[in-house]
Each structure stands twice: as C-alpha cells, then as structure tokens.
Amino acid sequence: MTAGHEQIPQVPQSPAMPVAQPLPAAQPVPLQPPTARPANSLSSNTMPINGPPPATVAAASQRRAVASRAEPVAVAASVATVAAAIPLVPAAAAAKPILAPAASGTGILGVPRIRTDSGEEEPPPEVTAKAVRAAPPWLVSGVVHMIALILMGVLYLAANQENRVQIEAIYAEDEGIQLEEDILQDFAKLDMPDIVDPVLSQDLLQVTDPFAAPPQLDLSLDGLVAVSDILAPSIGLALTGREKGAKEALLGAYGGTATTEAAVQLGLEWLVKQQNTRTGLWSLKGPYADGGGNENALAATAMALLALQGNGNTHKAGKHQRSVEKGVEALVRMQDQDGNMFNEGSFNHRLYSQAQATIVLCELYGMTKDPRYRQPAQKALDYASRIQSPQGGWRYVPREDSDTSVTGWFVMAMQSGLMAGLTVQSPTLDGITKYLDSATPDGSLYSYQARGEPTLTMTAEALLCRQYLGWTHTDPRLQTGVEYLLENLIDYNEQDLYYWYYATQVLHHMGGRDWDTWNKVMRQVVPENQVKDGKERGSWDPDNDRWGHHGGRLYTTCLSIYLLEVYYRHLPIYKHFNLPTSRLPSAAGDED
C-alpha cells in the first residue's frame, strides 16, 4: 500500500468460495480533507454510531473517489467483482452495516451505499401448504367424510320435500275483492284425495272444567293392552283462543273474516284514545261525542278492558299492553278490603259495574297467571258470593232481590273465575239455578224477574247462563229457546246491542247451522255500521240503540267489539267440527 492508494486485498482460493479478480489499476487521487459540516448536520453517507472504525470509513471514501472516475462499464464490473469477493457475513453479524448498490435514480450509478438488514425480513413460508402436508391421514379422512355426509343430507332433504301450496279463501259477502278463480269457488273441481273413515273426534262433550287434565292411570307391563276404555274429562282452555296462533285459526274456523277483524282493530284504536292516561280510567260521558246520561268510571273502564283483553291484549303482551296495565291498576286501586270496587255512580249501576270488573280481573289472571292479580280476582269472586240474594241471583243492592239482567253478568264472572282456575263456591252456582227456574215458565223463555213476562233479551241472557251451568247441546228446552233467537236476527232498524251480545254467544256455543245462520248476517252488518271517518272513526253511534242514551258511544262501541271478537273470545262450550261429514244438529233440525 502506498500513500494515497488503496489496494483491494485478494481473497485466497477456497473450495467453498470463488476467487475474486482484482480491480483494474486506477490513477491515484490524493485524499481531500473533508468539508466542515455543522454539528447537527447529517447526510446519506453518515455512518451509524455502531458502524465500522474510522479506518474503514476512510478506505470506503477513497474507493468511492476512485470509482467515480472509472468508466461506467468498468465500474459496474468492478463493483460486481468486489461484491463477489466480500466474505460471507455470519448470522450473528447480520445487523452490521454492509455495502449495497445505490438504488436506481439516487446518487451516482454504481456508488455503493451503507445499509442495514435489520428491518428487511424474508417472506414467511406458506403455512397452509405445510399444515396440509403435515396433517395426519385420519384428519384428512374425517374432513372428507364429513363433507360427504353433508352433501348426502342436502340431497335427501331436497328429494323428500313436499311441494305444497296452501290457499285460504275468506268469505266476505260483498265486502272487498272476491275470488275470481272458478276452481276456488267450486271445491268439487279440486283434485282431492279419497279419505276413508277419517279418525277425527266428533264428540259433543261439554267443557265442564276448563283446566281439566287426563286421569292418572296405573302403569301396566302388559304389552298387549294398547287402549283403555277409561273416559277422560274434556280438556279445554277457554281463554287460550285469544292467543295469536289460536286466534287466527279460530277466526277462520268459525266464520270470521278480514273485514270483521279490521273492524275490531279500528274499534280498539278508538277506545285507547279515550283513556285518561293520568288515571288509567275511561268515562261514559266523554271526551267523545254522544256520551252516556250518567257517569260511571268503573263500568266504563271495565267494558273497555274487556274489549282489549278479548283481542288478546294483557299487561304483558299485545299492541295495547300499556293501556291494559294502566286500566287494571286503576281497578285494583278502587278495590276495598271486602272486594267491592264500586265507589260512585247511580245505585242501579252498582252491581252491573262490580260484575264487569270481576270478569276483567279473572280473565287477566287466567290469561297471564300473574300472581299480582290472583288475590284481587279471588277477593272479587268471594265478594260476589257473599252479596248473592236469597232468591239466588243479584240485582241493584247487595243481598236484596234478583233479576236476570244483573244475574247474567255475575254468571259470566263466575265462569271467568272457573276458566282462570280460581275458586267458585258450589252453593253460589246452585242458587243461580234456583233463580233461573223461577224466571221461566218452561225453561225455554225467560223474564226479567221471577214470574214475569218472557222477553227476547232476557231469554238470550238466561240461555247463556244455562249453557255455562251444564245444559247439554241437545237439551230440548235449550233448542226451543235457540229457535226463538233465530227468528230475531240482527237488524239495525231495531238496534239492540244488549240482546245481540248475549244471543251471539249462545249461538256461537251451539255451532253448526244455527251459528252459520246468525253469523252470516252479523259479520256483514256490524262492520258496515261502524263509523268510517271523522273524529269518532272506529266507534259505533248510539243514537238508534235501545239503551244507547244510557250507556252512550263507549257502551255501543264496546258491545259491538264483543260481537266481532266472539270467534276467539271464548272457546265454544260444546266441542264440534264443521266438517262435511259431521254437523251439529241445529235447533230447527237438519234438512236433507
């Protein structure tokens, strides 16, 4: 080595490393002293703190000066030769700076730069490929078999799926758009499978206990005995028809239509708007037009809640859940220690209102089984039993006199208690039978009070009581009374919603042709007479009703809603099926 020159050392030959050729001779260039820089100035050629010693830096600077004067082609070849001659760096020294060619577009072509490899890593190997190659054979086999089983299951379900089209035809007389397909008007044109001796229950057993259960049977190890002749009580859940799924089914099964249900919903919307949101109560006098002659908040609230609950609304569920909750809480606050809820109003309203409020509490408990309302409902039933008159019924004042009108509401209250699984005293029911016997000359027609003249309205109310008290569907006295009702169908020229309310329930329980005859008229004319626009939209006018001037618009609206809820409000007392091969005998007899 001479002053101002740097001789690139040659690497001795080795079996593991090629021999590098020496750089061609270059003209010696004297070293220039470095230009002074500020203390905080940095450049792209500045060595890192942990870089090579100063001697190495000086040598690298001289090589850059020599390379800058060489020919481009020779410089490129020299750089390649130097790169080949540099010994391999051990792994432990990978973080030390090494010479690297300058990036394209930066600096002078071929001038090496100092860099570190600490931030550059090799791309990771393909993990998925290694995992697949390393997977054990049993795992691969399990995955393949699982995929095969899934495909087989999909193919099986697709091959066994039934292609079924369900068509529901709703009869609405002249309301709405009618069916236009001839095949749907005449079911004889449909390809129906032949059914021989269908196994269907066609009994007419009375639902005596709505919460009855099958009898407990002794276990038998005799494998040859497959059936038993033990009769189980008829099982019925009289209030479950208001639940969503059951309501839709019963609505179609007993002749309800989209028109009747739409009228119900519109009527309930009107009722909810009339509630006092602060107290939870309703009023017979307003804030609507055509209010009643006397105020009775208990009766108004009870009637409104019966309409809401009849459609399935409770304090726990339903579109009008909040209205029911406020109203029922208001009734509970009005109840005293004896069970009485009537505090103000006309004396002849007292027990009407008490009976209606008792029905509300019993129904709500029966529908929800909320323990908060068990005691108020049972207390109201016990109070009704204590105030029953010696004649066996109820009238205006507790324990004094009886009439069929007030007695009918208390029979409904007792029946609602039985439906809810509450306790009703047997002497109370026996007393009702005694009174009804005194109000009829023959068991078919009934008067307002004992030994009076029979009337149409009292006959309908008393026949419903007889049905709940155990008369069979084929009782001749009941069928004679039903014939009388069928002679007086709904007619708005002689509007009497009180009569229609009781007659509708009697005929719904009878079923068969009797119910079809009544329902064909009712489901058409009741929605037609509902107010369709204006402030009172959804209500029914009280002007032409026999008792409309007493109860007002809320009274007529509630009773009209009860009529249209009959399809699911209570399950029929007599179980029956509207099948082509199985009809209930009508009161007037079947015609061939």
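Two residues are in contact when they have heavy atoms within 4.5 Å of each other. With that in hand, start with the chain as a whole: among its contacts with a separation of 6 or more, 68% are between residues 24 or more positions apart. What you have on screen is a predicted model, where local features need pLDDT of at least 70, side-chain atom pairs count only at pLDDT 80 or more, and totals for chains, interfaces and linings use all residues. Residues are numbered from 1 along each chain as its sequence is written, and side-chain values use heavy atoms, with hydrogens and water left out.

The protein chain has 19 helices and four strands; these are DSSP runs numbered from the N terminus, helices being H or I with at least four residues and strands being E with at least two. Of the 592 residues in the chain, 40% are buried. Here buried means under 20% relative accessible area, exposed means over 50%, and partly exposed is in between, with a 1.4 Å probe and protein chains only.

Now for the inside. In soluble globular proteins, nonpolar side chains tend to be buried together. The largest nonpolar core here has 105 residues; such a core is a set of buried Ala, Val, Leu, Ile, Met, Phe, Trp, Tyr and Cys residues joined through side-chain atoms within 4.5 Å. The members that touch the most other members are Leu271, Trp518, Met522, Val526 and Leu554. Take Trp518 as a place to look: leaving out residues up to four places away in sequence, Trp518 touches Leu485, Asn488, Leu489, Ile490, Tyr499, Trp500, Ala503, Thr504 and Leu507.

There are also some gaps. The structure holds two cavities of 30 Å³ or more. A cavity is a set of points, on a 1 Å grid over the protein atoms alone, where a 1.4 Å probe fits but cannot get out, and its lining residues have an atom within 4 Å of a point. Grid points are joined across faces, edges and corners, and the volume is the space filled by probe spheres set on the points.

The largest cavity has a volume of about 50 Å³. Around it you'll find Tyr468, Gln505, His508, His509, Val566, Arg569 and His570. Helix α16 (497–510) gives the most to this lining, with three residues, and α19 (566–569) also supplies at least two. By class, the lining has two nonpolar, four polar and one charged residue (nonpolar covers Ala, Val, Leu, Ile, Met, Phe, Trp, Tyr, Cys and Pro; charged covers Asp, Glu, Lys and Arg; the others, Gly among them, are polar).

The second largest cavity holds about 30 Å³ of space, and its lining is made up of Leu306, Ile359, Glu363, Trp409, Met412, Tyr501, Arg569 and His570. Two or more of these residues come from each of α10 (350–368) and α12 (404–419). This lining counts five nonpolar, one polar and two charged residues.

Finally, a few spots in the backbone. Most residues other than glycine have a negative phi, and most peptide bonds are trans. The bond from Gly286 to Pro287 is cis, with omega near 20°, and Pro287 is in the loop between α7 (258–273) and α8 (297–310). Lys369, in the loop between α10 and α11 (374–386), has a positive phi near 55°. Asp401 has a positive phi too, near 70°, and belongs to the loop between α11 and α12. Lys369 is partly exposed at 37% relative accessible area, and Asp401 is partly exposed at 31%.

How values were computed
On a 1 Å grid over the protein atoms alone, a cavity is a set of points where a 1.4 Å probe fits but cannot get out, and a pocket is an open set with protein on both sides within 12 Å along at least five of seven lines; lining residues have an atom within 4 Å of a point.
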